[in-house]
Amino acid sequence: MKRLDLYGFKSFGRRVSVELEQGLNAIVGPNGCGKSNLLDAIRWALGEPSARSLRGGRTEDIIFGGTKDVRPLGMAEVVLTFDNTDGALGLPHHEVALTRRAYRSGQSFFAINGVPCRLRDIQDLLARANFGARSHVLVSQGTAETLAVSGGDERRAALDEVAGIARYRHVALLARLA
Ligand code: ATP
Ligand code: MG
């Protein structure tokens, strides 16, 4: 990922553009400054369907709710821009930008390189590039802690998820029953 553009997502009431370098990128800042919100934004733009897993209850919770001095916004937008010079995303463009918006009215909007599409199209694009399963793994605050103190089964389930084989568990069970 090359760049992350946010507008109206959670605590980001103003337009924020984050350039990412190749390799390791670190986000540092005091408690509550928006570090986890930044990761939520990435997860959301990658097609996360549930607002709950973004530490919010409803879709509205991800839209900037305003502060003492700043008015709330009516829309949240996140744009992820990927370098695609190696064609890994299967599209004939050097850059691929994924846009996701949510409006307070309940409407949503998705686009790939500015062309409107469905959430499903973004999920399919990433799945084809094997992005969902193995290459992108987000371990959130709390999960890391749970993993560190969890027992075998829980840890195994997490590893299955990371390896992208969690969805085959039922198949394996059925095979054993057959
Ligand atoms: P920590 O170091 O404690 O983990 P953090 O940098 O990860 O902190 P976040 O969890 O990203 O912090 O940000 C929390 C802040 O985001 C809170 O102040 C909360 O009020 C604000 N916030 C969350 N959702 C919204 C929203 N919809 N509108 C405005 N502010 C929001
Ligand atoms: Mg945090």
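1. The buried residues of helix 1, which spans residues 35–45, are Leu38, Asp40, Ala41, Trp44 and Ala45. Viewed down the helix axis, these buried residues fall within an arc of 160 degrees, so they line one face of helix 1. The model is a predicted one, and every point below should be read with that in mind.

2. What does the buried face of helix 1 pack against? Its buried residues pack against strand 1 (3–7), strand 3 (75–83) and strand 4 (95–103). Helix 1 lies across these strands and runs at about 75 degrees to strand 3. After the helix comes Gly47, with a positive phi near 105 degrees.

3. The chain as a whole contains 6 helices and 6 strands. Read from the N terminus, the order of elements is β-β-α-β-β-β-β-α-α-α-α-α. The chain has 178 residues, of which 15% count as buried. If one takes the contacts between residues at least 6 apart in sequence, 47% of them join residues at least 24 apart.

4. In what order do the strands lie in the sheet? The sheet is open, has 6 strands in the order 2-1-3-4-5-6, and its pairing is antiparallel. Strand 2 (16–19) and strand 6 (115–117) are the edge strands, each pairing on one side only. On average, neighbouring strands of this sheet are turned by 20 degrees against each other, direction ignored.

5. Strand 1 can be followed residue by residue. Strand 1 is joined to strand 2 by 4 bridges and to strand 3 by 5 bridges, and it runs antiparallel to strand 2 and antiparallel to strand 3. Asp5 shows both pairings: its bridge partner in strand 2 is Ser17, and in strand 3 it stands opposite Val79. The covered face of strand 1 carries Leu4 and Leu6, while Arg3, Asp5 and Tyr7 are on the uncovered face.

6. Lys10, in the loop between strand 1 and strand 2, is not a glycine, yet its phi is positive, near 45 degrees. Is Lys10 buried or exposed? Lys10 counts as buried because it has 23 C-beta neighbours inside 10 Å, and the cut-off for buried is 20 or more.

7. Asn113 is the other one. It is found in the loop between strand 5 and strand 6 and has a positive phi of about 50 degrees, although it is not a glycine. Asn113 has 14 C-beta neighbours inside 10 Å and therefore counts as partly exposed.

8. Which residues are closest to ligand 1? They are Asn31, Lys35, Ser36, Asn37 and Gly65, out of 15 residues that surround the ligand. By type, the residues of this shell divide into 9 polar, 3 nonpolar and 3 charged.

Methods. Residues numbered from 1 in each chain as written. Chains lettered and ligands numbered in written order. Predicted model: local features only at pLDDT ≥ 70, side-chain atom pairs only at ≥ 80, totals over all residues. Near = placed C-beta within 6 Å. Nonpolar A, V, L, I, M, F, W, Y, C, P; charged D, E, K, R; others polar. Buried ≥ 20, exposed ≤ 12 C-beta atoms within 10 Å, placed from the backbone. Helix = DSSP H or I, 4+ residues; strand = E, 2+ residues; numbered from the N terminus. Arc of directions from axis to C-beta. Contact = placed C-beta atoms within 7 Å. Pairing = 2+ DSSP bridges. Axes fitted to C-alpha atoms, helices over the stretch in contact; angles between N-to-C directions.
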